[in-house]
Amino acid sequence: MIEVDHLVKKFGDFTAVADLSFLVERGQVMGFLGPNGAGKSTTMKMITGFLRPSSGTARIMGLDIGGDMLAAQRHFGYLPEGARAWPDMTPRALLQFIARIRDLDKAAARAAEGRAI
C-alpha cells in the first residue's frame, strides 16, 4: 500500500532524511517516533507529495507520488500537523469541508470519511 525506497531529503548541506526504505502493507498500522528534527514530518510530506525528495521514490498503491501525484493522492487522506481549522471544527467537519471545496461526489466523500474516522 505504501512503499518507500531510498528516500532522501537534503536542505542545502543538511540531510533531513537519509536513505529511508520501508513497506506498509494493507491493514498494517505504522507510526513514526522520534525527537524533534528527526525527519518524521519531512518524510510524510515527501510520501504525500507536498515536498519533492532529493532522491528516492514513494509509491501509494503502486503509483509513484512523483510521477502520478494526483492519482496516488486519490488513495489516501493526509492531515498535516499544521492544518488550519477553526477552533471549534472537529476532524470530521474538517474532512467534510475539504470534500466540499474539492467538489468530491457526496457518496464518495461519505465513504472516504467513514474510512478515515
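**Exercise 1. Find the residue just after α1 that takes a positive phi, and describe how α1 is placed.**

Step 1. The model is a predicted one, in which local features need pLDDT of at least 70 and side-chain atom pairs count only at pLDDT 80 or more, while totals for chains, interfaces and linings use all residues. Residues are numbered from 1 along each chain as its sequence is written, and side-chain values use heavy atoms, with hydrogens and water left out.

Step 2. Within α1, the residues T42, T43, M46 and I47 are buried, where buried means under 20% relative accessible area, exposed over 50% and partly exposed in between, with a 1.4 Å probe and protein chains only. These residues lie on the same side of α1, because they cover an arc of only 135° around the axis, the arc being that of the directions from the helix axis to the C-beta atoms.

Step 3. The buried residues of α1 pack against β1, β2 and β3 (55–60), and contact here means heavy atoms within 4.5 Å.

**Exercise 2. Decide whether G39 is buried or exposed, and state where G39 lies.**

Step 1. G39 is found in the loop that joins β2 (14–24) to α1 (40–47).

Step 2. G39 counts as buried because its relative accessibility is 12%.

Step 3. When residues up to four places away in sequence are not counted, G39 touches A16 and V17. The C-alpha atoms of G39 and V17 are 5.6 Å apart in space, although 22 residues separate the two in sequence.

**Exercise 3. Work out which side chain of opposite charge is nearest to K9, and how far away that side chain is.**

Step 1. K9 belongs to strand β1, which covers residues 2–11.

Step 2. K9 is buried and has no salt bridge, a salt bridge being a side-chain nitrogen of Lys or Arg within 4 Å of a carboxyl oxygen of Asp or Glu. The nearest side chain of opposite charge is D13, at 13 Å.

Step 3. Leaving aside residues up to four places away in sequence, K9 touches several residues, including T42 and M46.

**Exercise 4. State how many helices and strands the chain has, and give their pattern.**

Step 1. The chain has four helices and four strands, taken as DSSP runs (helices H or I, at least four residues; strands E, at least two) and numbered from the N terminus.

Step 2. Along the sequence, these elements follow the pattern β-β-α-β-β-α-α-α.

How values were computed: Lys, Arg positive; Asp, Glu negative; His and termini not counted.
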